[in-house]
Amino acid sequence: TTVRVATVDSGIDFNHPELKSLINGGYNYISRGATKPQDDYGHGTHVAGLLGAIANNNTGIAGVAPAVEFVPYKVLSSTGTGTIADVSAAIQTAADNGARIINMSLETSSPNAVMEAAIKYAYNKVALLVAASGNGYPAPVAWPAAYDQVMAVAATTYANHHASYSNAGTQVAIAAPGGDSAYAMLSTWPSSVRCRDLSPISGYCTSEGTSMAAAVVSGAAALALSVRPDL
């Protein structure tokens, strides 16, 4: 069973061969009125690939979940910045549009009443909310991950140890691979956006962080729901 997953991020590359057939709708909060939430930053495409890039196609990588319908909400600009208002609106819209999982690979250092209301709204719609714990250790778990209704994800290294950057605390529900500078996470990337490691493979790049760990957890949840949609 295909599982609808909302990514509240920088959008997705609609032209990427591993993702384009999986995208259905979405909204661009950065450029309202734009035809689609095209990723011009790279982060959202990287997250989406880890979560559900097509497997067994002899290309690139395989995401964790085999049956995903992506609904991207672009709330981060080409520089990776955004507003609480846009993030909150995207969370509520994703819930209204039937997302089973809402992946939020983003963080803010303080709580916000508008965001909390959106989180509770989506939670009551029976959406699983997954968010990155933050990359500023020893800082506490960031928001929206710190809310009770959200599954906060910390990051582990290739050696299965606590990643030195990963925020930690009692709100953390689970840890997952996030990579580090020595062994980063390879995933999809917009071909029009410069990759930090200048990979010779067009459309792919490496990165590390709790954003990547959250994507892996959302992928695992989507895999479980694809087999047991009654959960």
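A contact means heavy atoms within 4.5 Å. This is a predicted model, in which local features need pLDDT of at least 70, side-chain atom pairs count only at pLDDT 80 or more, and totals for chains, interfaces and linings use all residues. Residues are numbered from 1 along each chain as its sequence is written, and side-chain values use heavy atoms, with hydrogens and water left out.

**View 1. The fold has four helices and nine strands.** Helices (H or I, at least four residues) and strands (E, at least two) are DSSP runs, numbered from the N terminus. Their order from the N terminus is β-β-α-β-α-β-α-β-β-β-β-β-α. Of the contacts between residues at least 6 apart in sequence, 70% join residues at least 24 apart.

**View 2. Buried residues make up 52% of the 231 residues.** Buried means under 20% relative accessible area, exposed over 50%, and partly exposed in between (1.4 Å probe, protein chains only). The C-alpha trace spans about 45 × 40 × 35 Å along its principal axes.

**View 3. One disulfide is present in the structure.** A disulfide is a covalent bond between the sulfur atoms of two cysteines. Here it is a pair of cysteine sulfur atoms within 2.5 Å. Cys-195 and Cys-205 form the pair, with sulfur atoms 2.2 Å apart. Cys-195 lies in the loop between strand E8 (185-188) and strand E9 (204-207), and Cys-205 lies in strand E9. The two are 10 residues apart. The torsion about their S-S bond is about 85 degrees, so the disulfide is right-handed.
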